[in-house]
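Keep the viewer open and follow the selections below. Each stop says what to pick and what is there.

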Amino acid sequence: PLMLLLAVAADPPPVVIVDRDNVQIAADCTVRIPAGSVIADADGNGVIHITAPCTVRFEPGSVLRGTAPGVHPDTISGTGIRITSPGVTLAGDDAAPIAVEGFRIGIHATGADGLSLDHARLDHFWRPRLASTPQAEASGDWLWPHENDAGQWRTNYGGAIIVERASSISISNCRVRRAQNGIILDRVTASRIFDNDASFLSGWGLALWRATHN
């Protein structure tokens, strides 16, 4: 007997247009950001809020930009993507990375067990105007690493990627430039952070606080 197998293509995930602050995402989708958009995080709690397990992709050319190019970095504020759910995947690739720029914090995840972040491109974040010169170092330029139980690293310094109180996460193939800090892991356990490039920063490329078995 002959068997006929029919392959039924799944419907593509819906497109979510991000053109304003406080866009909520709770299901699989592709994010579209109009070219040239600048979307300020007016209330300081994130432009995109991911609140349920889902997979989020960006359309090619979409950039979540919180500050116009040319603004001095010590005046930048706000958060780009806020994640408050386990089971979230931010799935970028070379053609369509998760592109975020012009914030104090690029991607901020809390309690996001199982988070997967791949192929993010993070550029032009908050960083202070340094007082050190080729002739003399200014002690005020040093970051203070010894206290973070109240989230001081996040509030005082910011970072391109900040993950707090999570386990079994994966961060890979992410690139950070023109920031003070790259990746901050605060109470993150049993996770894999690999093939990332957080270079030429004025602070930490990778900072760990009470993190173990990673």
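## Stop 1: a charge over a ring

Select arginine 104 and tryptophan 126. The charged end of arginine 104 lies over the ring of tryptophan 126, 4.0 Å from the ring's centre. Keep in mind throughout that this is a predicted model.

## Stop 2: the seven-strand sheet

Switch to a cartoon view. Seven strands make up an open sheet, and the order is β2-β4-β7-β10-β13-β16-β19. The pairing is parallel. Which strands stand at the edges? They are β2 (23–25) and β19. Each has a single partner strand, so one side of each has no neighbour in the sheet. From one strand to the next, the twist averages 15 degrees.

Now pick two strands of this sheet, β13 (residues 159–167) and β16 (residues 183–189). They run parallel and are joined by six bridges.

## Stop 3

Select residues 54–58, which make up strand β5. Show the side chains. In a regular strand, side chains alternate between the two faces of the sheet. Which residues of β5 are on the covered face, and which on the uncovered one? Cys54, Val56 and Phe58 belong to the covered face. Thr55 and Arg57 belong to the uncovered face.

- Strand β3 (residues 29–32) pairs with β5 in the parallel sense, over three bridges. Here cysteine 29 is opposite valine 56 in β5.
- Strand β8 (residues 88–91) also pairs with β5 in the parallel sense, over three bridges. Here threonine 55 is opposite threonine 89 in β8.

## Stop 4: the aromatic cluster

Select Trp153, Tyr157, Trp204 and Trp209. These four form one aromatic cluster. The structure's count of aromatic pairs comes to three. A ring pair is described by the distance of the centres and the angle of the planes.

Zoom in on tryptophan 153 and tryptophan 204. Their ring centres are 4.8 Å apart and the planes stand at 55 degrees, so this pair is tilted. Tryptophan 153 belongs to helix α1 (residues 152–157), while tryptophan 204 is in the loop between β18 (197–198) and β19 (206–209). The pair therefore ties together parts 51 residues apart in sequence. Are these two residues buried or exposed? Both tryptophan 153 and tryptophan 204 are buried.

Next, move to tryptophan 153 and tryptophan 209. The ring centres are 5.5 Å apart and the planes stand at 75 degrees, so the pair is edge-to-face. Tryptophan 153 is in helix α1 and tryptophan 209 in strand β19, so this contact ties together parts 56 residues apart in sequence.

## Stop 5: salt bridges

How many salt bridges does the structure hold? There are 10 salt bridges. Visit these in turn.

Start with aspartate 19 and arginine 20. Their closest N and O atoms are 3.2 Å apart. Arginine 20 has 46% relative accessibility, so it counts as partly exposed. Aspartate 19 is partly exposed, with a relative accessible area of 46%.

Go on to aspartate 74 and arginine 129. This salt bridge has its closest N and O atoms 3.9 Å apart. Aspartate 74 is in the loop between β6 (63–65) and β7 (79–83), and arginine 129 is in the loop between β12 (120–123) and α1, so the pair ties together parts 55 residues apart in sequence. Aspartate 74 counts as partly exposed at 31% relative accessibility, whereas arginine 129 counts as exposed at 58%.

Then select aspartate 123 and arginine 178. The closest N and O atoms of this salt bridge are 3.0 Å apart. The pair links distant parts of the chain, 55 residues apart: aspartate 123 is in strand β12 and arginine 178 in the loop between β15 (175–177) and β16. Aspartate 123 is partly exposed at 23% relative accessibility. Arginine 178 is partly exposed too, with a relative accessible area of 42%.

Finish with four residues together: Asp149, Asp186, Arg187 and Arg210. A network of salt bridges links them.

Notes
Residues numbered from 1 in each chain as written. Predicted model: local features only at pLDDT ≥ 70, side-chain atom pairs only at ≥ 80, totals over all residues. Heavy atoms only, no water. Buried < 20%, exposed > 50% of the residue type's maximum accessible area, 1.4 Å probe, protein only. Helix = DSSP H or I, 4+ residues; strand = E, 2+ residues; numbered from the N terminus. Pairing = 2+ DSSP bridges. Phe/Tyr/Trp six-rings, centres within 6.5 Å; stacked < 30°, edge-to-face > 60°. Lys NZ or Arg CZ within 6 Å of the ring centre and 35° of its normal. Axes fitted to C-alpha atoms, helices over the stretch in contact; angles between N-to-C directions. Salt bridge = Lys/Arg side-chain N within 4 Å of Asp/Glu carboxyl O.
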